[in-house]
Structures are given as C-alpha cells and as structure tokens.
Amino acid sequence: MTADRSRIRVADLLAEALAGILQRPGRTVLTLLGTVLGVGAFVAVLGLTASATGQISQRFTELAATEVTVEEIPAADSSTGPAFPADADQRIEQLNGVRNAGVYWTVDANKAGPVTGVPLPGAPTGAQSVLAASPGLLRAIRPTVREGRLFDEGHERSGDHVVVLGGAVAARLGVTQLAHRPAVFIDGTAFTVVGIIADVQRRPESLLDVIVPSHTASVLWGTPKQPPKMLIETRLGAARVIGSQAALALRAEAPERFRVQTPPDPRALRDGVGTDLAALFLALAGVCLAIGAVGIANTTLVAVMERSPEIGLRRALGARPRHIAAQFLSESALLGTVGGLLGAGLGTAVVVLAAISREWTPVMAPWTVAGAPLAGLTAGLLAGLYPALRAARVEPVEALRR
Amino acid sequence: MTVIELHGVGLTYPGPPPVPALQPCELTVRRGEYVTITGPSGSGKSTLLNLLGLLDRPTEGRYLLDGVDTAPLPERERTALRAYRIGFVFQSFHLLPHRSATENVTLSQLYRGTGARTRRREAQAALERVGLGHRKDALPSRLSGGERQRVAIARALAGEPSLLLCDEPTGNLDSATADTVLELIDTLHRDGMTVLMITHDTGIASRAGRVVSIKDGVLTG
C-alpha cells in the first residue's frame, strides 16, 4: 500500500553496532583478547617461519650448498690398499665447478703420541688430536689466518715437518707468536708452526686440531686406521653435479668404494622447514582463533539475552528481524576486525622482537599482515551467526513485557 | 477520517483448549480523539494494545489503520506501518541506558532510513516540545522517572505518527510526576495528536474525551 519502507542506512547500522560494543568497554576488551591472541599467534607464526626460513636459506646458499663430502667405504679385505689415490686433490680440482678439495683423516693417537710445546719434562701433555690434511682441505675449510700462512703443495710434496694450529691449541701449547719460528713436538719429532688460524667456516672441529700435511703424516705414521674423508668446496649450484662425478673422478675402475654426500636441494629444505613449522604452529594458532571466535559468540549471545527489551523496542520502532540480525552480526564482525587489527600489530611486534634478539632479518609476507583483520572479520562473522539468528527471532511482544 | 477501525476483531490462542483472549469487538477512533481503554489486569488490555500496535495479529476480523486494511499485509509492511504511523509509549520507558536523551529519541526514525542530521534535529525539536530542551545530552540514568517518560514520549512524537499508543504510561511514576506526564499528553491531544491510552486507573482514564472499558476480553464502550 505505501511507499514507506522499513529500512536502515548502512552508516547508521554501523554506528549502532559501534555504540553496542562501546557500551560495555570492559567486556569488549576481554572478548577481544581471544581474537587478538589467535590472530596475533597466526601472524607471529607465519612471520617467524618466514624469517627463520629466510635465515636458513641464507646460510644454506653461502656454505652448505657448496659442500660435498666423500667418504671411503671400508673394504672387506685389507689387501686393496687405500681407496683415495695419492693425487686425489688434483683429480677432483680438475672438475669444472670445484674450488678446493682436500683429503683428511685423524691420525691414530697411539702412533702420533703426545704433543707438547716444549720438550721439557713436566710440560703439559693433554690428549691432542692430530689431523692429517692436504693443502686443498686447508683452503676448503675457509680459514681466517691470524698469523703466518697455510702450508701448501710444496710442503706436502717434500714431506716437510710443518703444522698449522687453531688459536686455542696454539695458546695451550705455548705458541704465542711466529716471529722466532716456534716448534711443537709430536711424539718427540719437531714440527715448525707455520700458521695460526683464528676461525674456519667449515668443519669447525679443525680449530681443536694440530694440522699436519697429509703426505708428511702418511710417511711418518703410515696409512690411517680410520678411513680418510674428502671435503670438496664447489661453486654455487655445482654441488649436485660434482657429487655425481666425484667417485668416478677419484677411481674410475671402482667408484663403489666411495660414499658421496651432497647437500639437499635448498628449495626442498626450505619448503620442508616451512611446512613442518607452519603445520604445527598454525594448528595452534587456529585453535587460539577458534577459542577467540567462541568468546565472541558467547559474549554476543549473552548480549542478545540481556538486550532482549532493546530488541523488542527496536522491533516496535519498525526494525525488521533482518535489521536486528544485521546489527548483532555487525557488532561481532566489528569485534573480530578490531581483534584482528590488534592481533596483526601484536604478531608483527613479536616477529620483529624475535628477529632482533637473534639478529635475523624479519621477513613477513604482506598478505600475512593484510589478511589478519580479514581473518578476524571472518571469525567475528562466523561467531555472530547464531546469536544474530537468535536476536532476529526475539518476539517483540514477549521482549517488551516488563 | 478514522485512524483506527476494528471490525469484529478477536484473538483466540490456539489450544487445546483454545483460549479466547479478546472477543470479537468493534472500535473506531477518529483523528484527533483521545481515547482511554480501562480494565482490570488480565482483562485483555495488553492483547488489544498488541493488536492495535501491530505487534500481534488478530485471528479474526479486520483492522484498518489510517484506512489501510492490515490483515492481508505481509510482516514487512506491518513493520513499516509501525515505523511510520505508530508512536509507542511504554510503562517501563524502554530507553537505551547508555545513550543520551537525544540519541534515544533519534531511534524512532532510525528504521525509516532518515539521515542522521535530520533525525538529530527533529529529536531535539521533540525534546523541546516535551520540555526537556535543557537535558538533551543527559543519560537516562541521570534523569528522573518523569523525565525518562517524557524522553520516551518525545521518541514517540519525533516521527510525527498518526497514533500515540500509550501502555500504562504513568504506571511506574508517583502521582505528582504522573500528573505532569498526563498534562503533557493532554497538551499533545489539544495540539491535534490522536491518543489511545491503556490504563487500569479509572481516575486517569476519565481525563480522556472517551473511555472504553474492557473486561474478560469483552470491549464495551
């Protein structure tokens, strides 16, 4: 009959919803907490995962991705002799894509005997491991030389009695500076200290060793009991190719005597880390968010019960059931969105603080932060559905009865 | 010109056994009339008010509001009639506790889609009209009982309804305060407003131009 329709402007609806949640600020804050924590956990987990993955891949590309190791498989009978040929370093370094390569083994302690700095009775003799290493290995572990130099192919060929020491070992053996050509004694034999290394980027246990040229070691103490190993430093991206060629290059007639380890595919590793962490923590964040949504649902439902006279009044003033539903849905959606916004801030702060404390670069996908209020909004809408339906079904006659 | 026309309107709650709340009745209220409906509690006053206020549907008869037959209308249009034609005044005021007097009054035009500025202006005019121009921004908790009911009346007036439907408007007020509220209603009536008031107090009922009594669901007037 009439052109008069019952309707409400969207701006008015939102203003009513805002007034609805602001009329009980304490309860609103408590209700928000669940969503804030849930969304915050989501953002923090995604951000931390991204940051950690970024960190891993950064380290990975620098060192691990360029590292190939070759081990000798112990032979069934001892008559076959050493698996690594004498010119193993040269054979491998000829391969395209190899930077440095070297063989190394730990010298048997009972053959090499005690290591001392000065040949005086009563000098400290602790257990000191002796590492036999080719010059290529010394380069491949990427040492930082504090003083002196590394031994080279010249020392190796002529079987010179020279050693390179890690900084801590040098201090323990009383070697402080190289100006007066100090020596250390291994089983009574004098070795000239040619260099002291402060740090290495690979095989950090080398810092605790007295490093002797491998040829010198095999002349003095014979073939090692422990099977030697080889460390190959490749150019970036060449590791897997080198890995497939190394055994053949070393011993074309018997490549099965070697076990070659190449780094895993960096992308696979990164994805693996991502999915492992994400799956676990996102599940927890999901639980948090669900609890937050239940909190909103609960509060909104209580509000519907409490405000039943208000609903009756609004119906008497011309509100249709859908207007009532829209108002309560807007209230819960507003709660969810505000919770999402605060959660995004909280999560970002956690990621940045965690990254700072571990000296990482914080990495966050834009959609993580942008999606947080949306996640809150969705949670709020879902949580508001049932209370809104209940509100729409309130009978005005009942509700207005005092 | 009639505002209310009831033709054989009755309401029976379906059983078993069926409970007749209002026997079929006839009632006509013309524009500008002041009618009170009086009767003891349980007599069917509230049922009649709910029917007149379009909050409930009769099970028989025809109810014409401003000449519009409301029986065949869908709920959507009955709701619209409430929004545009009827101003409610309740015994317990039904003000929103956390909203100012002005905001409470603006609610009556909220569901007409009227712009916020217009609603505010007309709400303040309505508050002036009930003598509360100085308490526009007060919260209901800071108002006396009489002031609260006057805010509620302002809310009912703000939409310029055809009919002011008052349900025991002084039931929660002391007699001195009640008088000021009743005088306000008298004034509104003198200014041309159609008023229908329900009360159990025959003293109050006698202020109206016409008194209709109801007892055991039977309307006699």
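These legends go with a handful of close-up views of a predicted model.

**View 1. Where chain A meets chain B.** Let's start at the interface, where 29 residues of chain A are in contact with 32 residues of chain B. The size of an interface is often given as the accessible area lost when the parts come together. Here, chain A and chain B bury about 3,000 Å² between them, and 58% of that is on carbon and sulfur atoms. There are also 10 residue pairs in polar contact across the interface of these two chains, both partners being at pLDDT 80 or more. On chain A, helices H1 (10-22), H11 (308-316), H12 (321-357) and H14 (396-400) each bring at least two residues to the side that touches chain B. H11(A) gives the most, with 6 residues. Sorted by class, that side of chain A has 12 nonpolar, 6 polar and 11 charged residues.

**View 2. A salt bridge between the chains.** Zoom in on B:Arg99 and A:Glu16, whose side chains meet in a salt bridge at 2.9 Å, N to O.

**View 3. A salt bridge inside chain A.** This one joins A:Glu233 and A:Arg142, with their closest N and O atoms 2.7 Å apart. A:Glu233 sits in strand S10 of chain A and A:Arg142 in the loop between helix H5 (135-140) and strand S5 (143-148) of chain A, so the pair ties together parts that are 91 residues apart in sequence.

**View 4. Strand S1 of chain A and two of its partners.** Strands of a sheet pair through backbone hydrogen bonds, either parallel or antiparallel. Strand S1 (residues 67-72) of chain A pairs with strand S10 (residues 229-234) of chain A in the antiparallel sense, over 5 bridges. To find your place, look for A:Thr69, which stands opposite A:Leu231 in S10(A). S1(A) also pairs with strand S11 (residues 258-261) of chain A, again antiparallel, over 4 bridges. There, A:Glu71 stands opposite A:Arg259 in S11(A).

**View 5. The six-strand sheet of chain B.** Here 6 strands of chain B form an open sheet with mixed pairing, in the order S6-S7-S8-S3-S9-S10. Strands S6 (86-89) and S10 (218-220) of chain B stand at the edges with a single partner strand each, so one side of each is left without a neighbour in the sheet. From one strand to the next, the twist averages 20°. Within this sheet, strand S3 (residues 34-38) and strand S8 (residues 195-199) of chain B run parallel and are joined by 5 bridges. B:Tyr34 has B:Val195 in S8(B) as its bridge partner. Helix H2 (residues 75-85) of chain B packs on the sheet, where it touches S6 and strand S7 (163-167) of chain B, and its direction makes about 75° with that of S6(B).

**View 6. The four-strand sheet of chain B.** This open sheet of 4 strands has antiparallel pairing and the order S2-S1-S4-S5 in chain B. Its edge strands are S2 (19-30) and S5 (68-69) of chain B, each pairing on one side only. Strand S1 (residues 2-13) of chain B runs antiparallel to S2(B), and 8 bridges join the two. B:Tyr13 stands opposite B:Val19 in S2(B). Packed on the sheet is helix H1 (residues 45-52) of chain B, which touches S1, S2 and strand S4 (60-65) of chain B; the direction of this helix makes about 125° with that of S1(B).

Notes. Residues numbered from 1 in each chain as written. Chains lettered and ligands numbered in written order. Predicted model: local features only at pLDDT ≥ 70, side-chain atom pairs only at ≥ 80, totals over all residues. Heavy atoms only, no water. Contact = heavy atoms within 4.5 Å. Buried area = accessible area lost by both parts, 1.4 Å probe. Salt bridge = Lys/Arg side-chain N within 4 Å of Asp/Glu carboxyl O. Polar contact = N/O pair within 3.5 Å; in protein donor to acceptor, adjacent residues only side chain to side chain. Nonpolar A, V, L, I, M, F, W, Y, C, P; charged D, E, K, R; others polar. Pairing = 2+ DSSP bridges. Axes fitted to C-alpha atoms, helices over the stretch in contact; angles between N-to-C directions.
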